[in-house]
Amino acid sequence: MSSRQRLFRLFYRLGFTPWDGHPLATSLRELVEGDGALTPGTALDIGCGTGDNALYLAGLGWDVTGVDYVATAVQKARAKAAKRDASAPGAVRFDQADATRLTGQGIGADFGLIIDNGCLHGMSANDRDAYVGEVTAVAAPDARLLIVAFVPGASFGVPGIDPAEVERRFALGWTLLSSGDEPGLDRGGKNPARYYLFARRRT
């Protein structure tokens, strides 16, 4: 277990989760509800936390798997899911899993939409290498990947990731469709975040 994984488990144990309950990313809303919105299918929410994004997608008819390596977060997400209206259109499940080892943990594959709202930007360089390979391995041939991440120095305690690094890491096998500021997580300009929307290239 990495030191960062231990840190986040401690945060949840202490109840210090400032990322929990933040607004949904504007880029996610536009992708699934805006003009030319994606047709609901299978989705993977990486670093799902307590499940807000996954439950939002399920409410729109997506069949969603949310994964997080912190057991407490997964338990809270499952508790939220248990309170859903039984007639809600999409299915949702939550599993404890490591984003750098997705293929060996039984979460499935061929996801049409993969979202990461604040996972990649906290990883070490080695974990980022593994993450890219695992995300690519579980993506459907024409999948969309939406990453929302802080830039370096934007948020205390979060390493952040440069836009150029995001683009470089996904240059093989993915096409960048759009990117830009993520106003939904900006918090008054104090924590600038960016979104990156990729399409999986057929091989």
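These legends accompany several close-up views of one predicted protein model.

In this predicted model, local features need pLDDT of at least 70 and side-chain atom pairs count only at pLDDT 80 or more, while totals for chains, interfaces and linings use all residues. Residues are numbered from 1 along each chain as its sequence is written, and side-chain values use heavy atoms, with hydrogens and water left out.

**View 1. The overall layout of the protein.** Welcome to the whole chain. Its secondary structure comes to six helices and seven strands (DSSP runs numbered from the N terminus, with helices being H or I of at least four residues and strands E of at least two). Of the 203 residues in the protein, 48% are buried (buried means under 20% relative accessible area, exposed over 50%, and partly exposed in between, with a 1.4 Å probe and protein chains only).

**View 2. Strand 2 and its two partners.** Strand 2 covers residues 63-68. Five of its six residues are buried, so strand 2 is largely enclosed by the rest of the structure. Strand 1 and strand 2 pair in the parallel sense over five bridges (two strands pair if DSSP finds at least two bridges between them). Look for Ala43, which stands opposite Val64 in strand 2.

View 3. Leu38 sits in the loop between helix 2 (26-33) and strand 1. Leu38 counts as partly exposed because its relative accessibility is 22%. Gly112 is 74 residues away from Leu38 in sequence, yet their C-alpha atoms are 9.5 Å apart in space. Gly49 lies in the loop between strand 1 (42-46) and helix 3 (52-59). With 7% relative accessibility, Gly49 counts as buried. Its C-alpha atom is separated by 8.3 Å from that of Lys76, 27 residues apart along the chain.

View 4. His121 belongs to the loop between strand 4 and helix 5 (125-138). At 8% relative accessibility, His121 counts as buried. Its side chain reaches the backbone oxygen of Gly118 at 3.2 Å.

View 5. The whole structure holds one cavity of 30 Å³ or more (on a 1 Å grid over the protein atoms alone, a cavity is a set of points where a 1.4 Å probe fits but cannot get out, and lining residues have an atom within 4 Å of a point). About 50 Å³ of space lies in the largest cavity (grid points are joined across faces, edges and corners, and a volume is the space filled by probe spheres set on the points). Its lining is made up of Ala25, Leu28, Asn53, Ile115, Asp116, Asn117, Leu146 and Val148. Strand 4 (111-117) and strand 5 (139-150) each supply at least two lining residues, and strand 4 gives the most, with three.

Definitions and conventions:
1 Å grid on protein atoms, 1.4 Å probe; cavity = no way out; pocket = protein on both sides within 12 Å on 5 of 7 lines; lining within 4 Å. Polar contact = N/O pair within 3.5 Å; in protein donor to acceptor, adjacent residues only side chain to side chain.
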